[in-house]
Amino acid sequence: MNFEIECEREDDGRWLAEVPQLPGVLAYGTSADDAMAKAQVLALRVLAERLENSETGPQAITFSIAA
C-alpha cells in the first residue's frame, strides 16, 4: 500500500498536510515540512494502532518522502 502526503497553505498562513488514504490523518504546521512531518508521525501511529487491534493484517507499506 502506498501513501501520499498532500500539503497546502491555508489562507491564515498555516500549512495543512494530510494522507488521503487514511481518513482523519491531517496535521497543521508552521511550514510545509513541519506539517508533513506531523502527518507522517500520525499516519504511522494510526497504522500501528490498526495492527495492534487486528483491524488490518500485515502488508507491505511504502512511504515516499522527499529528501
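Helices (H or I, at least four residues) and strands (E, at least two) are DSSP runs, numbered from the N terminus.

Please note that this is a predicted model, in which local features need pLDDT of at least 70, side-chain atom pairs count only at pLDDT 80 or more, and totals for chains, interfaces and linings use all residues. Residues are numbered from 1 along each chain as its sequence is written, and side-chain values use heavy atoms, with hydrogens and water left out.

Let me turn to the strands. Two strands pair if DSSP finds at least two bridges between them. Strand S2 (residues 6–9) pairs with S3 in the antiparallel sense over four bridges, and Arg9 stands opposite Trp15 in S3. These two strands, S2 and S3, form a hairpin with five residues between them; in the turn, Gly13 has a positive phi of about 100°.

Strand S3 (residues 15–18) is also joined to S4 by four bridges, again antiparallel. Here Trp15 stands opposite Gly29 in S4. Strand S4 (residues 26–29) has a covered face, Ala27 and Gly29, and an uncovered one, Leu26 and Tyr28. In a regular strand the side chains alternate between the two faces of the sheet.

Next, accessibility and charge. Buried residues, meaning those under 20% relative accessible area, make up 19% of the 67 residues in the protein. Exposed means over 50%, and partly exposed lies in between (1.4 Å probe, protein chains only).

How many salt bridges does the structure hold? It holds two, a salt bridge being a side-chain nitrogen of Lys or Arg within 4 Å of a carboxyl oxygen of Asp or Glu. In one, the side chains of Arg14 and Asp12 meet at 2.9 Å, N to O. Arg14 is partly exposed, at 38% relative accessible area, whereas Asp12 counts as exposed at 51%.

In the other, Lys38 meets Asp34, with the closest N and O atoms 3.5 Å apart. Lys38 and Asp34 are separated by about one helical turn, because they lie four residues apart in helix H1 (residues 32–52). Lys38 is partly exposed, with a relative accessible area of 42%, and Asp34 also counts as partly exposed, at 25%.

Thank you for your attention.
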